[in-house]
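Hi,

Here is the structure I promised to pass on. Have a look at it first, and then read my notes below.

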Amino acid sequence: MKKVELVEAVATATGLTKADSTRAIDAVFATITKALSKGDKVPLVGFGTFAVSKRAAREGHNPQTGKPVHIPARKAVTFKAGSALKETVNK
């Protein structure tokens with residue numbers, strides 16, 4: 001589903017205009033992004049939890065040359081689906 005399709009679905013489900021739906025969706029994404037950038041978890045009951053995990057630095061290799069490559073430490077966004085979402089998807 002593309003963002004345009006999501007906007008249309010939200011507009012249909014809520015009775016909001018597409019412009020209002022776009023602003024609402026953008027606000028939700030911005031709020032989640034801001035919370036994650038501060039290191040907070042974002043639990044959405046019945047849907048899942050967004051969180052940030054730390055990945056340690058490690059050594060990898062270039063698959064073309066086989067030479068070792070240093071991969072720096074970084075943070076990664078993780079998502080763990082909630083039980084209600086899992087049940088709905090697995091019906």
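Let me start with D20, which counts as partly exposed at 30% relative accessibility. Here, buried means under 20% relative accessible area, exposed means over 50%, and partly exposed is what lies in between, using a 1.4 Å probe and the protein chains only.

Before the rest, a word on the ground rules. This is a predicted model, so local features need pLDDT of at least 70 and side-chain atom pairs count only at pLDDT 80 or more, while totals for chains, interfaces and linings use all residues. Residues are numbered from 1 along each chain as its sequence is written, and side-chain values use heavy atoms, leaving out hydrogens and water.

Back to D20: its side chain meets that of R23 in a salt bridge, at 2.3 Å from N to O. (A salt bridge is a side-chain nitrogen of Lys or Arg within 4 Å of a carboxyl oxygen of Asp or Glu.) The two sit three residues apart in helix α2, so about one helical turn separates them. R23 itself is exposed, with a relative accessible area of 53%.

How many salt bridges does a search of the whole structure find? The search turns up three. One of them pairs D26 with K3, with the closest N and O atoms 2.4 Å apart. That pair links distant parts of the chain, with D26 in helix α2 and K3 in helix α1, 23 residues apart. D26 is partly exposed at 33%, and K3 is partly exposed at 40%. Another joins the side chains of K18 and E8 at 3.8 Å, N to O. Here too distant parts of the chain are linked: K18 belongs to helix α2 and E8 to helix α1, ten residues apart.

V7 is found in helix α1 (residues 3–14) and S21 in helix α2. V7 is buried at 7% relative accessibility, and S21 is buried at 0%. Apart from neighbours within four places in sequence, V7 is in contact (heavy atoms within 4.5 Å) with K18, S21, T22 and I25.

Now the strands. Three of them form an open sheet in the order β1-β2-β5, with antiparallel pairing; two strands pair if DSSP finds at least two bridges between them. The edge strands, each pairing on one side only, are β1 (42–44) and β5 (74–81). Helix α2 (residues 18–37) packs on this sheet, touching β1, β2 and β5, and its direction makes about 35 degrees with that of β2. (Axes are lines fitted to C-alpha atoms, for helices over the stretch in contact, and angles run from 0 to 180 degrees between N-to-C directions.)

L44 is found in strand β1, and its bridge partner in β2 is G48. L44 is partly exposed at 33%.

Finally, β3 and β4 form a hairpin with six residues between them, and G66 in the turn has a positive phi of about 80 degrees. Four bridges join antiparallel β3 (residues 58–61) and β4 (residues 68–71), with H61 standing opposite P68.

Cheers
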